[in-house]
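User: I would like to go through this structure with you. Could we start with side-chain surroundings and then move on to other topics?

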Amino acid sequence: MTWTVTAERYDSPDASALRRDYYDEVASRYWRRPATDAEIAEGLTDDGADLLLPPTGGFVVGRHGGRAASCAGLVLTEEALPGSAELTRVYVRPEFRGTGGGGLLLAAIEEEARGLGVRLLRLDTRLDLVEARGLYAKHGYGEVPAFHRRNPYAEVWFAKDL
């Protein structure tokens, strides 16, 4: 089975399902219980996903053997730091972790970022998202001091020069 990663609208059927699964996992881990459908729907309402389109950002979907398996987005943050963007909604479905798709996903979103003139990618995450933190570190993202406090759940910040 092979991986493909391509730019896609954040609201396509596959992208929407991946974003929903992403929110389900991060919310369920945070609450230490399964998130309800209502909680997931509330979390996805007005979540800023509309910024994941040019000229304000981008979104990619990874497929393994043709099956939607991963996603990542970026949002330009020019007002805060020229030439920068924030990586967001990075997700690999659990059954596809460890197959190399995470690295391909990051490479594709970094290429999207370069195409938008981004020179620095930053992100925030939580300590309990161990797989994500490992993925970022493995692919050249280093821990940095907090660069914002917009996300009340953020505990760790990373950045990478492109």
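Analyst: Contact here means heavy atoms within 4.5 Å. Please keep in mind that this is a predicted model.

User: Which residues does Thr88 touch, not counting residues up to four places away in sequence?

Analyst: Thr88 touches Leu52, Ala72, Gly73, Leu74 and Val75, with residues up to four places away in sequence not counted.

User: And in which strand does Thr88 lie?

Analyst: Thr88 belongs to strand β4, residues 84-92. The side chain of Thr88 is also joined to that of Arg89 by a polar contact of 3.1 Å.

User: Changing topic: how many salt bridges does the count come to?

Analyst: The count comes to 15 salt bridges. One of these pairs Arg63 with Asp14, where the closest N and O atoms are 2.7 Å apart. Arg63 lies in strand β2 (residues 57-64) and Asp14 in helix α1 (residues 13-31), so this pair ties together parts that are 49 residues apart in sequence.

User: Is Arg63 buried or exposed?

Analyst: Arg63 is buried, at a relative accessible area of 16%, the cut-off for buried being under 20%. Asp14 counts as partly exposed, at 32% relative accessibility.

User: With which residue does the side chain of Arg29 meet in a salt bridge?

Analyst: Arg29 meets Glu131, with 2.9 Å from N to O. This pair links distant parts of the chain, with Arg29 in helix α1 and Glu131 in helix α4 (residues 130-138), 102 residues apart. Arg29 counts as partly exposed at 26% relative accessibility, and Glu131 counts as partly exposed at 41%. Salt bridges that share partners join Glu25, Arg29, Arg97 and Glu131 into one network.

User: What about Arg33, with which residue does its side chain meet in a salt bridge?

Analyst: The side chain of Arg33 meets that of Glu39 in a salt bridge, 2.6 Å from N to O. Arg33 counts as partly exposed, with 35% relative accessibility.

User: Back to α4, then. Which of its residues are buried?

Analyst: Ala132, Leu135 and Tyr136 are the buried residues of α4. They cover an arc of only 95 degrees around the axis, which puts them on the same side of α4.

User: Which exposed residues does the face turned away from the buried side of α4 carry?

Analyst: That face of α4 carries Val130 and Lys138, both exposed.

User: And what covers the buried residues of α4?

Analyst: The cover includes β4, α3 (101-115), β5 and β7. As for what comes next in the chain, α4 is followed by Gly140, which has a positive phi, near 90 degrees.

User: You mentioned β7. Why is it largely enclosed by the rest of the structure?

Analyst: Strand β7 spans residues 156-161, and five of its six residues are buried, so the strand is largely enclosed by the rest of the structure.

User: In what sense do β5 and β7 pair?

Analyst: Strand β5 (residues 120-125) pairs with β7 in the antiparallel sense, over six bridges. Within that pairing, Leu121 stands opposite Lys160 of β7.

User: Over how many bridges do β6 and β7 pair?

Analyst: Strand β6, residues 142-144, pairs with β7 over three bridges, in the antiparallel sense. The bridge partner of Glu143 in β7 is Phe158.

Definitions and conventions
Residues numbered from 1 in each chain as written. Predicted model: local features only at pLDDT ≥ 70, side-chain atom pairs only at ≥ 80, totals over all residues. Heavy atoms only, no water. Buried < 20%, exposed > 50% of the residue type's maximum accessible area, 1.4 Å probe, protein only. Helix = DSSP H or I, 4+ residues; strand = E, 2+ residues; numbered from the N terminus. Pairing = 2+ DSSP bridges. Polar contact = N/O pair within 3.5 Å; in protein donor to acceptor, adjacent residues only side chain to side chain. Salt bridge = Lys/Arg side-chain N within 4 Å of Asp/Glu carboxyl O. Arc of directions from axis to C-beta.
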